[in-house]
Amino acid sequence: MRARAVIAAVCMAVSAYCADPLEGVWHINGDGAQLEFVQSDATVAALDIEWRDGPDLTIAPGTVIGRAVPSASAGVYDCHIATDPRASDASRRRAAYFKLTMHGADAFALTPYRRDRSISLWRWLPYLF
């Protein structure tokens with residue numbers, strides 16, 4: 001009986017150590033949304049972003065709205081979040097891409113990737129002459 005308790009304690013300690021620091025329920029400031037980051041069934045390293053609660057009542061709790069993948073830097077993740085998670089067809093569902101940076105154990109920041117196009121005149125200068 002004692003051996004089982006020791007094995008259970010060791011398993012819990014190892015699983016807590018191996019768990020990703022982003023895993024769990026997070027409260028988003030501003031509108032009061034709750035998101036949960038859980039291990040993805042499809043990919044070992046990825047985390048699914050699930051909607052738990054918030055001001056938009058049309059999204060069912062437990063709906064996967066995006067995915068976070070750890071980058072090479074510790075505490076930095078590449079994320080994509082669906083702009084309309086209610087869309088039934090995957091081809092109609094567009095995503096917004098973010099860099100998620102952990103700030104300690106209890107906060108993170110989402111920084112959008114720059115996706116607009118620009119023209120550099122300095123790059124075209126040699127072709128003009």
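## Overall layout

The protein chain holds 2 helices and 7 strands, taken as DSSP runs numbered from the N terminus (helices H or I, at least four residues; strands E, at least two). Reading from the N terminus, the order is α-β-β-β-β-β-β-β-α.

This is a predicted model, in which local features need pLDDT of at least 70 and side-chain atom pairs count only at pLDDT 80 or more, while totals for chains, interfaces and linings use all residues. Residues are numbered from 1 along each chain as its sequence is written, and side-chain values use heavy atoms, with hydrogens and water left out.

## Surface and burial

Of the 129 residues in the protein chain, 25% are buried (under 20% relative accessible area, 1.4 Å probe, protein chains only). The chain exposes about 9800 Å², with 59% supplied by carbon and sulfur atoms; the areas come from the Shrake-Rupley method with a 1.4 Å probe.

Strands β1 (residues 24–27) and β2 (residues 34–39) run antiparallel, joined by 4 bridges; strands pair if DSSP finds at least two bridges between them. Gly 24 has Phe 37 in β2 as its bridge partner. Between the strands lie 6 residues, and Gly 30 of this hairpin takes a positive phi near 105 degrees.

## Phe 37 and the core

Phe 37 also belongs to the largest nonpolar core, which has 18 residues; Leu 22, Phe 37, Ala 68, Tyr 77 and Leu 100 touch the most other members. Such a core is a set of buried Ala, Val, Leu, Ile, Met, Phe, Trp, Tyr and Cys residues joined through side-chain atoms within 4.5 Å. Two or more residues each come from β2, β3 (47–53), β4 (64–70), β5 (76–82) and β6 (95–102).

Beyond its neighbours within four places in sequence, Phe 37 is in contact with residues including Leu 22, Trp 26, Ile 49, Ala 68, Leu 100 and Phe 108 (heavy atoms within 4.5 Å).

Technical notes. Buried means under 20% relative accessible area, exposed over 50%, partly exposed in between (1.4 Å probe, protein chains only).
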